[in-house]
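Visitor: I would like to learn how to read charged pairs and a nonpolar core in a model. Please take me through one.

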Amino acid sequence: MKIGIDLDDTICRTTEMVGDKMEEYAEKNNIEVLEIMNDEGMKFDFFNEYLPYIYKNVQIKRNVKDVIRRLKNKGNQIFLITARTNSYVPSVTNVADITEEWLKDNEIEVDDKKQQIVDELVENIENFDAKLSEQEIITTLTKKISTIHKKYMPVIIVEKQSYIS
């Protein structure tokens, strides 16, 4: 079976680390966290400064290595599906390398990474003809996402056990 596993907040604690670093950034700049979230410029500055660190140092969730190893030992193919991209902030130009290193450091073996799937969806959104209605765009993207889900069974990994959705 092909099993697709999301990276951020599925196998690692990305949102938790973003929150911690946002509090650090707010304190350093004498502002409130909510101000960062409500101001696109501040949010951009925060992520530009902290995103490389977050991607490199985010904490793996408990039991993830064991669950993935067991799935692989049962003959399943494991695919990492992530929306991480180089284009979000200028300080992140090598997200694939950072992610690859993080996987290696955390002893997580996957058969392939599926960033290109997410990139294709984003590209499709950006390239839609302006004459298409919002519903036509949503319908087209839903078909593409549905195709992805038929190829890769999504997995949700939680603290003490794993659930295949």
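**Charged pairs and the core**

Guide: At 23% relative accessibility, Lys72 counts as partly exposed; buried means under 20% relative accessible area, exposed over 50%, and partly exposed in between (1.4 Å probe, protein chains only). This is a predicted model, in which local features need pLDDT of at least 70 and side-chain atom pairs count only at pLDDT 80 or more, while totals for chains, interfaces and linings use all residues. Residues are numbered from 1 along each chain as its sequence is written, and side-chain values use heavy atoms, with hydrogens and water left out.

Visitor: With which residue does Lys72 form a salt bridge?

Guide: Side chains of opposite charge can pair when their charged atoms come close. A salt bridge is a side-chain nitrogen of Lys or Arg within 4 Å of a carboxyl oxygen of Asp or Glu. Lys72 pairs with Asp111, with 3.1 Å between the closest N and O atoms. This pair links distant parts of the chain, since Lys72 is in helix α4 and Asp111 in the loop between α5 and β3, 39 residues apart. Asp111 is partly exposed, at 39% relative accessible area. Helices (H or I, at least four residues) and strands (E, at least two) are DSSP runs, numbered from the N terminus.

Visitor: How many salt bridges are found in the whole structure?

Guide: The search finds seven. Among them is the one between the side chains of Lys65 and Glu107, at 3.9 Å from N to O. Lys65 lies in α4 (residues 64-73) and Glu107 in the loop between α5 (95-105) and β3 (112-113), 42 residues apart, and the pair again links distant parts of the chain. Lys65 is partly exposed at 31%, whereas Glu107 is exposed at 52%.

Visitor: Where do Asp66 and Arg69 lie?

Guide: Both are in helix α4, three residues apart, about one turn of the helix. Asp66 has a relative accessible area of 39% and Arg69 one of 38%, and each counts as partly exposed.

Visitor: Which residues touch the most other members of the largest nonpolar core?

Guide: A nonpolar core is a set of buried Ala, Val, Leu, Ile, Met, Phe, Trp, Tyr and Cys residues joined through side-chain atoms within 4.5 Å. The largest one here has 33 residues, and Ile11, Phe46, Phe47, Ile68, Ile78, Trp102 and Ile108 touch the most other members. Two or more residues come from each of β1 (2-6), α1 (14-28), α3 (40-57), α4, β2 (77-81) and α5. The largest share, six residues, is from α3.

Visitor: What is Phe46 in contact with, leaving aside its neighbours within four places in sequence?

Guide: Contact means heavy atoms within 4.5 Å. With those neighbours left aside, Phe46 is in contact with Val18, Lys21, Met22, Tyr25, Ile36, Leu51 and Ile54.
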